[in-house]
Amino acid sequence: MPLVMETYSFLKLISLTTLLLAWLFPAMALPTLKEQAEALLAWKATLENQPAQLQSWENSSWPCSWYGISCNNHHQARLQQVTEISLRGLGLRGQLDTLNFTTLSTLTSIKLAYNQIRGSLPPALASSLPNLRHLNMQNNEISGEIPRQIEHLKSLVGLDMSSNYLSGSIPSELGYLWKLRMLDFTYNNLTGHIPRNLGNLTKLSILCLGANQLSGYLSRELGYLVNLEKLDLSENKLMGSIPSTFRNFTKLNTLILWDNKLSGCIPRGLGYLVKLEDLELSQNTLSGSIPNTLGSLVKLTRLSLYDNQFSGNIPLELGYLVNLKSLEVSGNKLMGSIPNIFGNLTNLVNLFLDDNQFSGNVPRDIGTLMDLEYLQFSHNNFSGPLPPNLCAGGKLKQLIAFHNNLNGPFPSNLVHCLSLDRVRLERNQIEGDISQFGIQPNMVYMDMSSNKLYGELPDHWREWPNLTILNISNNNITGKIPASMGQLSQSRLNILDLSSNKLEGQVPSELGNLKSMFHLSLADNLLYGSIPLEIGALSNLEHLDLSSNDLSGSIQGSIEHCIKLRLLKLSHNNFIGNIPAQLGMVSSLQDLLDLSDNSFVGAIPNQLSDLIMLDRLNLSRNRLNGSIPASFQSMESLTSIDVSYNELEGPVPESRLFLRAPVQCFMNNKMLCGVVKGLPPCSSATHGAGQRTSYVNIVLAMIPIFMSLALVTTILIFWYARKKSKATTTDNVKQLGSMFSIWSLDVADVFNKISKATGNFSEAHCIGTVDMGLCTKLDLQHVKYLQ
């Protein structure tokens, strides 16, 4: 035991001696500059790439002249030591754990942002650098957990690990880094709760933990961070209410909490954060009214509250936010009118009011906002005209106001607003002469469908070079489709919808120049002539609707070349000739092939069965003959088929589709039979078909005669009964029977034969209909009476 005590005392003496020597002679405890250079060169050798900037890393005796390396005198030893590594944005590929941090213990700053450094954050980094003040590894590929040894970095002032792949929880040990002023872990994969003891970091001015997977409640201890200037906790899974202690953030200029699961009301105390410039609470489940105290935030430039459950009216006080550039309240349950005082928001660039329950007129003064670029108020109940001076400042880019009750004229300013790139006013009652629309060099998307536009289409489409979508369907537009629309061939025009107007003339062949087109609808107009062969050159076309016009001619040689078609609708026209067999090669046809109500003739091409993805097929109301191809039974994707009102005959293919199909989809043909319920079985329909058809036709032709005779006979009976009042009803019946016997007819026998021949009066043997749409049948009660 004494020996052990003596050994312990000896070791303790050595340690004290070493510490004393290190204090008296600090250079003895520090690595030499040469050793530090060798450590850096060893790390450079492990990098997978060698940027040109690192060519200066050669002279191991003096690394202070190397690119990205800084040195300073040690405060005690007064020797040059490496203090900073700054290699931002060189695309370095490697790992940190190959860097000897023990040798580089004098580092005060590591800045390796925007590289491709991967691997975990080495514990040695956290426990070997007592003087480290700045660690910036932003935009790299660091993964794994944050080491708990990070608590040893007592000198740390700034820690930026944003845009990496860190996982696990935020260690509570971070709460011991009292000197921290900036902590940024945004865009990682961190989970768990935000440690309560982060509230101890009272010197923090920036705390950014956004774009992770953090959960749990916001602790009231965060309210102790009284020096915070920016707090970003967005894009997480945080829940619960916003703590009332947030009113302590008197220095805060940015509060970003969007895209979480926060609930409850906005604390009125947030209205006291008078230095606040950016307040973003959108995409949560916050409810209640918008507090009028927010009107005190006169420095506010952005107020984002969209996609919540706020209700009530817009506070009048928001009109006092004269520095506001962006107001976003879309996707809530707000109602009432928009205060006229919004005309005071002269710095407003973005105004998003869409998807609410607002009503009344849009304030006229909104049109006078000179800096306004984005105005959205779709899906509301606004009425009245658009503000007449919209685009007064010539900066308006987007006007989104669809699905309201707007009426009145289209503002004259908008007609010549060259800055516009997106206009959506569909489903309103706006009036205007479309021929007055000016040149729109920046227009990308225009949808003014379902309004009251009139006039003829202008002829200067070549001046709309950026147009991708044009939808002006369901208006009162007249005249011809300008051939100049084909001069948009240099644009990216993808969608052209002119349907449900009063356009006339032929389809311009120049439309075949629109090589980017994938949706073309000219349906429900007064167009005539044939389909231009040039339409077949639209190799990207997926949706073609030319239905409900007066088009004619053959479709052979045109649309079957549109190999990407998903939907083809040519119904309600006057097309003639055969259905092109080549349509079966358009294997992309998936949604609908509708050729109904035309004058197509000939047989249904077998090749249509190659459309193995087709959902709906309509060939009804044509003059097609022959049979339904047996290969149709392999079209398993079909959910509906209609071949009614043709001249088809023979068996219907046997498949689940036909077994479940309604008989109405096969009616009014020559003689179809098979598995469809309501059609005759093919065995009875084909056996002795000639004799049976003749016999059935004769018998059925006699039915009206017998019914007429029965009616006349009944009248005679009643007339005879009045003259012979003493005769009994039985005598009358016998006399009726005698009358039939004169014609040598056995009524019961005739009835049985008719019933047997017609399959018990099946609708399949109907030869005519009456106005009520019912098949003509023999009244069974009359027959029984005659028996």
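In what order do the eight strands of the open sheet run, and with which pairing? Hi everyone, let's start there, keeping in mind that this is a predicted model. The order is S37-S39-S41-S43-S45-S47-S49-S50, and the pairing is parallel. At the edges sit strand S37, residues 504–505, and strand S50, residues 671–673, each pairing on one side only.

S50 pairs in the parallel sense with strand S49, residues 647–651, over three bridges.

In soluble globular proteins, nonpolar side chains tend to be buried together. Here, the largest nonpolar core has 190 residues, and the members touching the most others are Ile110, Leu159, Phe185, Phe377, Leu593 and Phe666. Several elements supply at least two residues each, among them strand S1 (69–73), strand S2 (80–86) and helix H5 (656–660). Helix H2 gives the largest share, four residues.

Let me pick out Phe377 for you. Setting aside residues up to four places away in sequence, its contacts include Leu353, Val362, Phe382, Leu386 and Ile400, and also Asp354 and Asn404.

My last stop is Asp421, in the loop between helix H4 (412–415) and strand S30 (422–424). Which side chain of opposite charge is nearest to Asp421? That is Arg422, 4.9 Å away. A salt bridge needs the atoms within 4 Å, and Asp421 has none, although this residue is buried. Beyond four places in sequence, Asp421 touches Lys397, Gln398, Asn442, Met443, Val444 and Tyr445.

Methods
Residues are numbered from 1 along each chain as its sequence is written. This is a predicted model: local features need pLDDT of at least 70, side-chain atom pairs count only at pLDDT 80 or more; totals for chains, interfaces and linings use all residues. Side-chain values use heavy atoms; hydrogens and water are left out. Two strands pair if DSSP finds at least two bridges between them. Buried means under 20% relative accessible area, exposed over 50%, partly exposed in between (1.4 Å probe, protein chains only). Lys and Arg count as positive and Asp and Glu as negative; His and the chain ends are not counted. Contact means heavy atoms within 4.5 Å. A nonpolar core is a set of buried Ala, Val, Leu, Ile, Met, Phe, Trp, Tyr and Cys residues joined through side-chain atoms within 4.5 Å.
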